[in-house]
Amino acid sequence: MNDFKRHNFKKLKIWQMSMELTKLVFDLTSKFPNEEKFGLVSQMNRCSVSMSSNIAEGSSRTNKSFSHFLDIALGSSF
């Protein structure tokens, strides 16, 4: 339990940036054709939400686990 430090994810610059990116992705995908609604649009929206969600979830874990959740969030960005 020595390496446990709860991070306030709302103050983390990376979380703030992921929220901005999520808004941009949703704004962009809203302009995509309707036939992409359940394909590319859905995938892009879910990936963008996944980034901030993983950062927030990992923030209440140990530093090692938090690092793992940051890696997952990075993977979602690709």
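**View 1. One aromatic pair turns up in a search of the whole structure.** To pair, the rings of Phe, Tyr or Trp (its six-membered ring) need centres within 6.5 Å; planes under 30 degrees apart are stacked, over 60 edge-to-face, and the rest tilted. Here the ring centres of Phe9 and Trp15 sit 5.2 Å apart with planes at 75 degrees, so this pair is edge-to-face. Trp15 is buried, at 16% relative accessible area, while Phe9 is partly exposed at 23%. (Buried is under 20% relative accessible area, exposed over 50% and partly exposed in between, with a 1.4 Å probe and protein chains only.) Keep in mind that this is a predicted model: local features need pLDDT of at least 70 and side-chain atom pairs 80 or more, whereas totals for chains, interfaces and linings use all residues. Residues are numbered from 1 along each chain as its sequence is written, and side-chain values use heavy atoms, with hydrogens and water left out.

View 2. Lys23 is exposed at 53%; Asp27 is partly exposed at 35%.

**View 3. Glu57 and Arg61 also meet in a salt bridge.** Their N to O distance is 2.9 Å. Glu57 is partly exposed, with 38% relative accessibility, and so is Arg61, with 33%. The count for the model comes to two salt bridges.

**View 4. Helix α2 packs its buried residues against α1 (13–29) and α3 (63–77).** Helices here are DSSP runs (H or I, at least four residues), numbered from the N terminus. The 19 residues of α2 (40–58) reach 27 Å from first C-alpha to last, close to the 27 Å expected at 1.5 Å a residue; the expected span is 1.5 Å times one less than the number of residues. Among the buried residues of α2 are Val41, Asn45, Met51 and Ile55.

**View 5. Ser76 lies in helix α3.** Ser76 is buried, at 16%. Leaving aside residues up to four places away in sequence, Ser76 touches Cys47, Ser50, Met51 and Asn54; a contact means heavy atoms within 4.5 Å.

Technical notes
Helices (H or I, at least four residues) and strands (E, at least two) are DSSP runs, numbered from the N terminus. A salt bridge is a side-chain nitrogen of Lys or Arg within 4 Å of a carboxyl oxygen of Asp or Glu.
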